[in-house]
Amino acid sequence: MRLIIPLAITFTSGMIMILNFFIPHQPFALLGDNLQEWYMIVASGAIFLGAANLLHVHFRKIRLKLKNWKYSPVTIVGFLVMIILGLFYGVTENLPFDYLFMNMVAPMGATMFSLLAFFVASAAFRAFRASNWRATLLLTSAFLVMLGQVPIGAMIWDKIPLAKVWLMAIPNTAGQRAVMIGAAMGVVATSLRMIFGIERSYLGGAD
Amino acid sequence: MADIFTKIGNLDRRIIFVLIALSVIIPILTDLIIPNIVGAEPSRDLFEFVDSLPPGSNVIISFDYDPSTMPELQPMAEAVVRHLFEKGHKIIGMALWPQGAALGQDAMSSLSDSLGKEQYQDWVNLGYKTGGGVMIVRLGTSMRAIFPTDRDNVPWSEIPMLQGINNLDDIQLVISLSAGDPGIIAWVMMAGDRYDIPIGGGCTAVSAPQLYTYLQTEQMVGLLGGLKGAADYETLVGIDNGQAIRGMSPQSVAHIAIMLFIIIGNVAYFMQKKRGGAR
Amino acid sequence: MNRLPAVILLLLMLTAGAAMSQSGGPPPGDEIRSTALAPVVSSAMELEAVDTPDDAGGNVDITWLMEAEGTVPDSLGVIRTGPSGEDELLAVLPTGTLLYRDTTALNGTTYSYSIVSYYRGEIAGASGEVSAVPSAQWLYSGRVGMMIILIILMSIILYYIETGKRGKELFIREIAGLAAVDDAVGRATEMGKPVLYIPGIMDMDDIQTIASMVILGRVARKTAEYGSPLLVPTSRSVVMSVAQEVVKEGYIQAGRPDAYNKESINYLTDDQFGYAAGVDGIIVREKPAAIFLLGTFYAESLILAETGRSVGAIQIAGTAMPSQIPFFVAACDYTLIGEELFAASAYLSREPKLLGSLKGQDAAKLFFIVLIVVGVIAATIGQFWPPLESVAEFLRDLVTVN
Amino acid sequence: MNWEIVGIWLGAIVTLLLYSFLYRDNPFYKFAEHLFVGMSAGYWVIYSIFNVLIPNWWQNMFPPDGGFNWIWVIPGLFAMFMLARMVPKIAGLSRLALGMIVGTGAGLNMLTFFQSNALAQVKGTIFSVATGGVWSVFSSLVLVVGVVSGLVYFFFSKAHTGFTGKTANLGITILMVAFGASFGYTIMARLSLLIGRCTFLLEDWLPTIPRLLGIGG
């Protein structure tokens, strides 16, 4: 019983979004637009839940002196500094909050992102072994495309860049399309099960 | 005896990390320039199409990008503009993206100065116009109605090089430098498919695979994909130390390093398997 | 030769002349000024006004072109005449504008529109008048095809879910990644190491995250049965709270509610790479024996999978993001490709209604396969025999959405 | 104090601390990781407040020109429900908010995936294969057969034996070629990120060291 109202809300909001897409007439246009904005507000408001959890986890670590607890103050201080500066100065450019974002948070993000350059190399070294014919295909097409990406490919044979273009235009497009169409069917079926309340384990399981 | 191939096969990945780092850092520090070689690829196709146009042809360059994709697209713009000027073609610049008009102006005016070309005689910047594909269709009937003036509000009738141009039929080639939508796809579908105007272009590496299909169906005469495409055009035009060519050097070295790793890994794997089989 | 300076000079001279004649001689008549001194200013032509299609009413779209001859005006004005007969100036637009949307019209009222050209602060030209009646539509005209196909496919899927519920025996093929779930959890138990579950970086509105939560419930039941710790770091607050519910439920169903530890399901940060840094830290310090990466992933996919690989964990990944699948294939032991992620809940639970839903999805794919094959045949033969080309054109229109 | 140089140093230090992870887990990485998690979490809280909650909620509820729009109490209430999880007694209320988030997301996702992932891709595959030369015809056939057999691979309710099995096999083969190509193609984009960071360290940060020494000496 405790699930009836949440399921009704799920059904109503799901149907409003669908009808809004097909019917430009009021009230669906207004309802749909409002609902999208409301959804954004609720999802953003929930961030306090995560923030509270983050602080809770790290204070608990310090209190119980759990493994690596000495680093927890770093997280807490980093978090509070950003919050206080943000509330005090706002998000305007060149003020302290924006300064710390531009000079610390953004470079850290870029650095983590750039780790991928190392990881694609180590993954390629390990995974691209011609151990069976499917792995061999994976390896060959990756290798050909890499050759086609840099001058050395054309140096070996001037048609190699064309092979890259063909691999990207034909098999790659075909593969991507098959994955996309299949996944879309998965999304449609899962969404339907959500909207009609057939799948409800995300609400805590019990029927 | 520890099997050397097993060892190589399970190489500590930190060795790979060091070599990747070096293959990027050394070319940057030494300003290394690796000669670019252009094979039989879409960038050469575009170059050759431009080369084969009769001198004095009217070519539209549509600057459909913004500063965020400049590293890939601005070198293309400069190389293409240089080539068109050197061949004596007339460039009609325009933009489907608001900020593209200014980026196009940079490329055209600086090269026009250094190559002794004249605005309104050899090139014009019509500026940005909203509407994307719909606007392109209208260019098919009348260009002058869409662009009563150029970007600096000089009337169409006052611009010598535009006299005699009525609609897209008077254009010999459209080159769209495109970072997304609206861009090349709009030009292919609206100008290429409807009015049979040859379409070429340049795009970011991310969107290139999607556009390669248009080459397969011959809806485009050529395409510059990402930094490599830009470097190719620089090489073909003869800019030996161009921005894109320099940017390609660490890429080339690192790619070669990764490919060597793959080869070594496979050699080790097969030697290991052979020994395992012999035992 | 560059004629621009000459033109500017001419214009300056004309203005000066006009000013001098105004101050010096007798005030000239209007007709004299417009013919002798003021240039002919171009006005708008081919004006069209239509009710904005596919809207909730109240809008009219006006489009025009500019006359090619004549001096370019300084600006353009949009004039509307309502039922009262009074003219109102709706907007002044910069020269070069070729469209305007009137958003203040009333449904069912007839309005007339015209465009005037301003030159030096005066009206120097006007277009003809056109009229339109705004109205609201009940259906997006460009979305009818999509609606029809969606209704057909929804009915098929719901029908098969019903047949499943009625207890019809349904088959499901082997999915390697999911067959390995038991082994992975079992191995973690043997080694006395935790299981790490990463539900992607998107929020609860993402269907892949929802699918991931359903699988998490199954994995939680397994870890509860085997008695190995389960860690779930999340990148979204809502996902964290749902994961807590789902895992708790799994432990209750396994009869081990005492073993449930809320602290092991925690929030890190909404930041994509901040999350990746945090999870990497957890991986190298906790050294999980099994890692699940199921949900929506972007570039962080390989950062997580390679770090997991380096601590020797069995990794089962799954995502519907086409761009990230290659990296999972390269770095993980098992990868659920695209739709296989959505099939997981049916596979793991063998619940008849979920299996029915899978059968419905298969029928939907068959529908698309038929559409593609018929379309390609029609388009190919249509090249030589036009009637079939119209069939292909019809199919393309059907799947076109505007 | 030159804030620009301080900023470059801050950026360079955290960059180097994070890169130390490539060697192995160590106190420097632990420090940077904990800092990154904390600061970025703080950043997103502030971002949500200033870029969503204030403009999309508060200013709609209390428009700048005065007045009060009661309808905007509803999303505020739902957000409160979500936060109710922190209080065990009323934690159940969060299900109401969850219902709304999941419902809206399901409706929206279903349509966008159906439109751009299914219909648009099907549309792109309906074309004549008989254009261009032999190679073009062959390529077109590979594309169509690839899409169809790839879809057959995703059939779940049919055993992959016989004709279905052969087609599905062809499908997974083409998928593997596609994955390989996509992997090889992406390497360039990933390397350019590393090149970006190296350029920052070598060309923005390194030159500040002699400058600082010059100031100091």
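Reader: What makes the link between the side chains of Asn125(B) and Gln105(B) a polar contact?

Author: The two side chains come together at 2.8 Å. A polar contact is a pair of N or O atoms within 3.5 Å, where within protein one must be able to donate a hydrogen and the other to accept it, and residues adjacent in sequence count only if both atoms are side-chain atoms. So the pair qualifies as a polar contact.

Reader: Good to know! What kind of model is this?

Author: It is a predicted model, in which local features need pLDDT of at least 70, side-chain atom pairs count only at pLDDT 80 or more, and totals for chains, interfaces and linings use all residues. Residues are numbered from 1 along each chain as its sequence is written, chains are lettered from A and ligands numbered from 1 in the order in which they are written, and side-chain values use heavy atoms, with hydrogens and water left out.

Reader: Why is Asn125(B) called buried?

Author: Its relative accessibility is 0%, and buried means under 20% relative accessible area, with exposed over 50% and partly exposed in between (1.4 Å probe, protein chains only). Therefore Asn125(B) counts as buried. In chain B, 56% of the 279 residues count as buried.

Reader: And why is α3(A) called roughly perpendicular to α7(C)?

Author: Their axes come within 7 Å and cross at roughly 70 degrees. Angles of 65 to 115 degrees count as roughly perpendicular, under 35 as roughly parallel, over 145 as roughly antiparallel and the rest as oblique, so the pair is roughly perpendicular.

Technical notes. Axes are lines fitted to C-alpha atoms, for helices over the stretch in contact, and angles run from 0 to 180 degrees between N-to-C directions. Helices (H or I, at least four residues) and strands (E, at least two) are DSSP runs, numbered from the N terminus.
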